[in-house]
Amino acid sequence: MTTIINAPAVTDPQELTRPRRPGRRAKPKFTVGRTLAWVALGGVMLITLIPFYWMLRTSFSTSTSLGSDPGSLLPVDFTFGAYERVLGLATPAEALAEGGSGASINFWAYLRNSLIVATVTTIGQVLFCSMAAYAFARLQWRGRDLVFSTFIAALMVPPIFTTIPNFVTIRELGLLNTYAGIILPTLLMTPFAIFFLRQFFLGISREVEEAAIIDGAGPLRRFFQVILPLGSAPIATLAILTYITSWNEYFWPQLVGREEEVRVLTVALGVFRSQTPQGGPDWAGLMAATLIAALPILIMFVFLGRRVINSIGYSGVK
Amino acid sequence: MTAPATTRRAASPARMPAPPRSKKNLFGLKRREAIAAWLFVAPALIGFIAFYLWPALSGLYYSFTDFDLLTAPEFIGLENYKRLLNDPLFWNALGTTSWYVLINIGLQTVLALGIAVLMQRLTQSMVVRGVVMLPYLIANVIAALVWFYMFDFQFGIVNEIIDGIGLDRVAFFGESEWAIPTVAFINVWRHMGYTALLIFAGLQAIPKDVYEAGAIDGGSELRMFRSITLPLLRPVLAMVLVVTVTGSFQIFDTIAVTTQGGPVNSTRVINYYIFDMAFNRFDFGYGSAMALALFVLLAVFTFVQLRLTRANKSDLG
C-alpha cells in the first residue's frame, strides 16, 4: 500500500522554497457567484479563528465572573490573573479568589519538559532518518528494497497495537517516567520521516554526486557535502513537522511520563482539566494554559508558515 | 555527447549503479558502498526492530496470553478472541467508532472539498491557506479543551447562542446521542483545513487549459466542477479518504480529555476501550487481541477502499 499523493512528481528539492509565481490570469470580473464564494471562504476562516479568539478572550477574564456574562465578546472583568495563576506567579489565595483550584502549577517545568522532548526527538529522528533515506535513495546494496518495503509496511500498523508492547519494553528497561522513555520510540526512526526524505533524495541530480565520486569522496563525505546541503529544504521541512507532532503528542507521554518531573505540556493540560473545580471550573486558567501551550507552535508558524503549508502537498501522509 | 546518458540517469536514479571505471575498481566501490549503506541504515534499523517489528510480534503473542504486566504472560490460546466475540462492550466500541468515523469523514470530506475548490477558483493566497491550516497545528488536547468550553452547557458560547434564539440548551457532552457528533465536529474543525490543502494540492495538478476550454464552451462553474474537477480529482480523493479514514478510526485524545468514554459508554471508541483495558485494568492480553482486531479491520478496510475507488489509476494519464 502506498500513501503517496503526488510526491513522485516532485523532482526538485528546491521546489519547497521557491516563491510562488505571480498569477497569470487577469483579474477576474466581479460577479454575484464570486462574491458568494468569497463569503463562504470568509465564513470558513471565521469558524477556524473563533476558538482562538475565544481562548484569548476567556484567558483575560476572571473565572468567578465568567458565569455572570458567558456570552460577552470581550473579557469579563479583565485581568491577567489567569496567566499569573498558570505561570505560578499568584499565591494560592489569589488563585482561589479568581476561581482557580489553588493547587500549585509547575508551568515552567512542563514547558522545559516539552522543549527537551520535542527538541531531542526532532534532532535524532531527522538525523538518523536522513542517513537512512540517503542509503535507500542513493546507495547500492543488497536487501535495500526489502528493508525499505518492510519499513513502509509499518505505516499500516495502528499505533495502539505497538504501544502496548512498547510500554512493556520501556517498563522493563526501567525507563518509565524518564525523558528517555518518552523519547526513545521515535528517536531513531519513523517510517514516515524516511519515506518523506527518500522522495526528495531520489530527485537530487545524480551528476553532482558523480563529480564527488570522481574526486574520490566516500559515501560519508558525499552525504555530508552533497546530499545534506542540497536536501536542506526538505530536511528543514521535516524537522518542523516533526517538532510540531512531537510537541502535540499526548497519548504516549501520558502513558510513560505522568510524573511531575517529566510531564509535558499536553499531559499537564489534561491533568489541569481534571483538577479544575467541578462546580465552577477555572475556565480562564484553562484557556490561558491552552493558549500558552499552543503559543510556541503558533509563533513558529508565523515565521515558517510557507514551508509548513507547502509541505502538505508533497507528503499526503498523516 | 554525454547528454543522453545523463538524462537517462536522472530519470531513474535509484537503479543506476556507480559509474564503472575499471572492473576491479567497480567491485571495490560497490563493496564500500554496501558497507556504508548498512552503517547509514543501522540506527533506523535498530529503531525499527526495537519499536516496530519486535512490538508487532510480541503484540501478536500477547493476544494469545493472559498478561497483567506483573507476572509473565500465560499462554491461553484463543480465549481472548472468544471473549472478544462475546463482549458487548467491544461491539459497542466498534459501533461507536464506526458512527464517529462516518460523521467525521462525511462532514470533513465534503467541507474540505468545498474549501479546496473555493481556494483554487478564488485565491492562491498563503494567508488564506495558513488560516485554514491553523487548527491542525495545535494539539488535539487544546482543540478538545477549547471546544469543551465553547460547548459547555452553562457557560459555553454555543449554548448562549442557542438560548439566545429561543431554543433549548444542549448538553453536548452529557447526552448519549450528542456526544459522538460533538466529538466528530471538533475533529472536523481540526482537520478540515489540512484535508482541504491535500485536495488543493491535487487540484493544482489539473491543467488550467481544461478549465479554459470548459469556460469557452460556456460551462458553468457547477458544470465544470462535476465534469472536470471531480473526475480528475478521483485518485487524489481516494488517497485522502484512505488516509483520513484509517486516521480517524484511531481517535483517542479528544475522548480522553472530554468525555472519557461516557455518558454510559456512548463515546467509548475502540482505541479508548483498548487503552482502558490495557492501562487501567492491566489486561494486556485482551487489549492486544482487540488491537490486533483493529489492525485486521483497518487492513481489510484499506484494501476494499482502494479496490472500490481504483485509487491507483489516474484519469490524467
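**A close look, from the inside out**

Guide: Let us begin with B:I105, which is buried because its relative accessible area is 10%, under the 20% cut-off for that word. Please keep in mind that this is a predicted model. B:I105 sits in helix 4 of chain B, a helix covering residues 88–122. Which residues does B:I105 touch, once those up to four places away in sequence are set aside? They are B:L241, B:T244, B:V245 and B:S248.

B:T195 belongs to helix 8 of chain B, residues 176–204. Is B:T195 buried or exposed? With a relative accessibility of 2%, B:T195 counts as buried.

Now for some spots in chain B where the backbone is worth a look. B:L69 has a phi near 80°, which is a positive value in a residue other than glycine. You will find B:L69 in the loop between strand 1 (65–66) and strand 2 (74–75) of chain B. B:L69 is buried, because its relative accessible area is 9%. B:N265 also has a positive phi, near 65°, and is likewise not a glycine. The loop between helix 11 and helix 12 of chain B holds B:N265, and a relative accessibility of 24% makes B:N265 partly exposed. B:P263 is placed in the loop between helix 11 (253–257) and helix 12 (270–280) of chain B. The peptide bond leading from B:G262 to B:P263 is cis, with omega near -15°.

Chain A has 318 residues, of which 56% count as buried. Its secondary structure comes to 15 helices and zero strands. Take the contacts in chain A with a separation of 6 or more: 72% of them join residues 24 or more positions apart. Chain A exposes about 13,800 Å², and carbon and sulfur atoms supply 65% of that area.

How do the two chains meet? The contact takes 106 residues from chain B and 110 residues from chain A. Between them, about 9,800 Å² is buried, with 77% of this area given by carbon and sulfur atoms. On the side of chain B, the residues that lose the most area to chain A are B:F40, B:F51 and B:Y149, together 9% of what that side buries.

The polar side of the meeting has its own details. Nine residue pairs are in polar contact between chain B and chain A, counting pairs with both residues at pLDDT 80 or more. Helix 2 of chain B (residues 23–62) gives the most to the side of chain B that touches chain A, with 26 residues. By class, that side has 79 nonpolar, 15 polar and 12 charged residues.

Let us finish with charges. Side chains of opposite charge can pair when their charged atoms come close. Over all chains, a search finds 13 salt bridges, and one salt bridge crosses the interface of chain B and chain A. Which side chains make the salt bridge between the chains? They are those of B:E33 and A:R222, at 3.4 Å from N to O.

Within chain A, A:E209 and A:R138 form a salt bridge whose closest N and O atoms are 2.8 Å apart. This pair links distant parts of the chain, with A:E209 in helix 10 (residues 206–214) and A:R138 in helix 5 (residues 107–138), 71 residues apart. Both A:E209 and A:R138 are buried.

Another salt bridge, at 3.2 Å from N to O, brings together the side chains of A:R263 and A:E260. A:R263 counts as buried at 11% relative accessibility, whereas A:E260, at 31%, counts as partly exposed.

Note on methods:
Residues numbered from 1 in each chain as written. Chains lettered and ligands numbered in written order. Predicted model: local features only at pLDDT ≥ 70, side-chain atom pairs only at ≥ 80, totals over all residues. Heavy atoms only, no water. Contact = heavy atoms within 4.5 Å. Buried area = accessible area lost by both parts, 1.4 Å probe. Salt bridge = Lys/Arg side-chain N within 4 Å of Asp/Glu carboxyl O. Polar contact = N/O pair within 3.5 Å; in protein donor to acceptor, adjacent residues only side chain to side chain. Helix = DSSP H or I, 4+ residues; strand = E, 2+ residues; numbered from the N terminus. Nonpolar A, V, L, I, M, F, W, Y, C, P; charged D, E, K, R; others polar. Buried < 20%, exposed > 50% of the residue type's maximum accessible area, 1.4 Å probe, protein only. Areas by Shrake-Rupley, 256 points an atom, 1.4 Å probe, with all protein chains shown as cover.
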